[in-house]
Amino acid sequence: MTTLRLLLGDQLNPHHSWFRQVNSEVVYVLMEVREETDGIRHHIQKIVAFFAAMRAFAQALRESGHRVVYLELDHPENQQNFLDNLKALLRNHQAQRFEWMLPDQWDLGLRLRGFAEGLEAETGCVDSEHFLAGREAVQLQFQDKKTYVMEAFYRQMRQKHQVLLEDGKPQGGRWNFDQDNRRRYDGAVPLPEGMHFGNEVSELAAMIRSQGIKTLGGLEANGLRWPVTRLQAESALQDFVRHRLPHFGTYQDALTSRSSFLFHSLLSFALNVKLLHPREVIDAAIREWERRPEDISLAQLEGFVRQILGWREYLRGVYWAQMPEYRVRNHFQHSAPLPSWYWTGETRMKCLQHAIRQSLDHAYAHHIQRLMVTGNFALLAGVHPDEVDAWYLGIYIDALEWVEVTNTRGMSQFADGGLVATKPYVSSANYLQKMGDYCSGCTYDPKQKTGPRACPFNSLYWDFFHRHRNLLERNPRIGMVYRTWDRMGVASREALLQEASGLKQRMDQL
Ligand code: FAD
Ligand code: SF4
């Protein structure tokens with residue numbers, strides 16, 4: 001009796017229980033399909049990285065003795081969508097059983113379930129054995145609450161998984177070291193080399209191009225930097241804990257034109273395709289901290305653990321609690337188009353130029369660039385969240401719907417009306433100047449609010465709060481903003497609104 005087991009491109013978990021036994025009656029199936037590459041425009045590095053990781057994973061399975069069918073994108077029998085390919089494969093292999101892992105994407109989960117129900121073959125679905133919290137964890141913890149509080153979720157996860165605890169209490173006496181962790185990068189600590197595996201992918205990229213797939217961004221001259229095998233993923237993890245963890249927390253909110261990567265881990269791709277397990281990442285960081293207490297403070301470690309055990313698991317829980325409604329939410333009813341320079345980086349605003357250009361170059365920007373530079377501007381400019389989503393989902397190496405849409409609509413665009421974020425993450429130039437070094441080389445002046453050299457963030461910031469007063473005024477974390485606005489003279493307020501209106505009319509020229 002033959003069993004066909006489907007493996008998706010983000011299900012490359014080498015330690016999954018499926019692979020413990022080699023069984024000649026089991027055929028694993030992986031496929032590259034247009035259905036995944038064509039809906040929106042993706043970064044060329046993202047498509048290449050997924051395909052390269054899938055191909056390497058299939059090869060590793062074969063070398064361990066498993067039977068594998070791999071449909072390349074240009075394979076003559078590839079029908080370019082999961083279900084038609086599966087139907088044909090089930091027939092060709094005369095399979096009597098079909099099994100799949102629960103997908104992380106809502107739609108695909110439904111479609112695979114529907115497909116399985118329509119089969120005459122036996123079917124079975126298993127967990128991907130990757131996440132530390134169940135899909136329903138957030139829903140259960142916050143049942144009827146209006147907001148989902150990450151900090152409460154994170155503390156519960158620390159308890160449940162016994163991470164950084166001493167006699168049931170947080171190690172170091174505090175749950176949260178955010179206050180110690182928010183420094184501007186001043187050059188005092190030398191910048192580490194960015195991780196780069198130099199994977200040779202030119203043939204794969206040529207195949208993708210020859211198939212007419214529309215992509216964005218470019219490849220780096222010295223190959224693909226991202227880890228695409230289990231061995232590379234392990235080495236990326238070691239590289240991070242050795243060289244960047246010692247300063248991770250201190251500079252996690254910093255913005256600098258001197259580096260695209262700062263002290264970030266660069267592990268999101270390996271984690272999201274499941275080459276790395278979140279628990280092993282956390283354990284590796286803790287082990288390194290125990291080994292080098294003089295180099296790595298608890299604040300650095302906790303800042304990192306919070307991202308993986310807290311934010312990542314929490315936002316996945318939000319996704320499963322809120323889909324499918326979540327991805328169409330638009331609390332502010334924003335409708336503006338995304339400025340055209342988001343696709344090219346051709347803007348005079350230095351902070352945006354830097355964040356967008358590095359995203360096009362590396363398919364990567366760190367969290368604060370995504371949140372406080374590109375996300376901040378899109379929200380101030382009133383861009384429709386669909387357009388913001390399509391950009392984030394396309395451009396980043398790690399972008400998958402469950403983690404992209406919750407970060408973009410929830411964290412960044414406040415499109416869920418405050419379920420995830422307690423207030424909109426917006427700022428004027430003041431914050432960007434404080435946390436970064438972009439303003440000194442910019443055409444615009446962060447101190448000016450109106451006039452040809454005024455930083456656009458300034459008037460757009462006030463315009464945003466002014467036009468959404470009825471939705472935001474009662475938020476206790478925002479009251480101060482309206483008190484400052486009201487204290488300004490009428491003429492100043494008018495001038496700011498007029499400035500913002502002019503900017504909105506010439507968005508593409510900024
Ligand atoms: P580090 O800064 O080193 O953090 C360590 C790890 O923690 C990351 O690898 C990631 O797995 C996890 N993590 C940290 N912050 C978050 C978060 N907010 N949500 C989930 N996991 C987190 N992350 C994605 O993986 N995919 C996305 O599509 C994505 N889209 C985003 C869109 C917006 C608008 C914003 C503001 C954030 C987005 N993030 C996304 C979260 C975060 O920016 C990236 O996980 C991070 O920048 C990846 O780089 P890193 O591995 O160097 O992370
Ligand atoms: Fe960005 Fe304004 Fe600073 Fe220019 S002046 S870098 S646009 S914050």
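In this predicted model, a polar side-chain atom of Ser265 lies 2.7 Å from an oxygen atom of ligand 1, a polar contact being a pair of N or O atoms within 3.5 Å. Residues are numbered from 1 along each chain as its sequence is written, while chains are lettered from A and ligands numbered from 1 in the order in which they are written. Because the model is predicted, local features need pLDDT of at least 70 and side-chain atom pairs count only at pLDDT 80 or more, whereas totals for chains, interfaces and linings use all residues, and side-chain values use heavy atoms, with hydrogens and water left out.

| Residue | Polar atom of the residue | Distance to an oxygen atom of ligand 1 |
|---|---|---|
| Ser265 | side chain | 2.7 Å |
| Leu267 | backbone | 3.0 Å |
| Tyr364 | side chain | 2.7 Å |

Taken alone, ligand 1 exposes 820 Å², and the protein buries 99% of that area, as computed by the Shrake-Rupley method with a 1.4 Å probe. There are 29 residues around ligand 1, and His264, Ser265, Leu266, Tyr364 and Asn407 come nearest; a residue counts as near if one of its heavy atoms lies within 4 Å. Two or more residues of this shell come from each of α10 (268-272), α12 (298-322), α14 (367-380) and α16, where helices are DSSP runs of H or I with at least four residues, strands are runs of E with at least two, and both are numbered from the N terminus. The helix that gives the most to the shell is α12, with six residues. By class, the shell has 15 nonpolar, ten polar and four charged residues, with Ala, Val, Leu, Ile, Met, Phe, Trp, Tyr, Cys and Pro counted as nonpolar, Asp, Glu, Lys and Arg as charged, and the others, Gly among them, as polar.

Grid points are joined across faces, edges and corners, and a volume is the space filled by probe spheres set on the points.

The second largest pocket has a volume of about 860 Å³. Its lining holds 37 residues, of which Glu36, His42, Gln105, Leu393 and Leu400 lie nearest the centre, and it divides into 18 nonpolar, five polar and 14 charged residues. Helix α16 (401-412) is one of the elements that supply at least two residues of this lining, and α16 also gives two or more residues to the shell around ligand 1.

The search finds one cavity of 30 Å³ or more, and the largest cavity has a volume of about 90 Å³. Of its 13 lining residues, Cys351, Cys439, Cys442, Cys455 and Phe457 are the closest to its centre. The lining comprises twelve nonpolar residues, no polar ones and one charged.

The structure holds 31 salt bridges, each a side-chain nitrogen of Lys or Arg within 4 Å of a carboxyl oxygen of Asp or Glu. In one of them, the closest N and O atoms of Glu151 and Arg306 are 2.7 Å apart. Glu151 lies in helix α6 (residues 150-160) and Arg306 in helix α12, so the pair ties together parts that are 155 residues apart in sequence.

Two backbone details complete the report. The peptide bond from Met323 to Pro324 is cis, with omega near 5°, and Pro324 is placed in the loop between α12 and α13.

Notes
On a 1 Å grid over the protein atoms alone, a cavity is a set of points where a 1.4 Å probe fits but cannot get out, and a pocket is an open set with protein on both sides within 12 Å along at least five of seven lines; lining residues have an atom within 4 Å of a point. A polar contact is a pair of N or O atoms within 3.5 Å; within protein, one must be able to donate a hydrogen and the other to accept it, and residues adjacent in sequence count only if both atoms are side-chain atoms.
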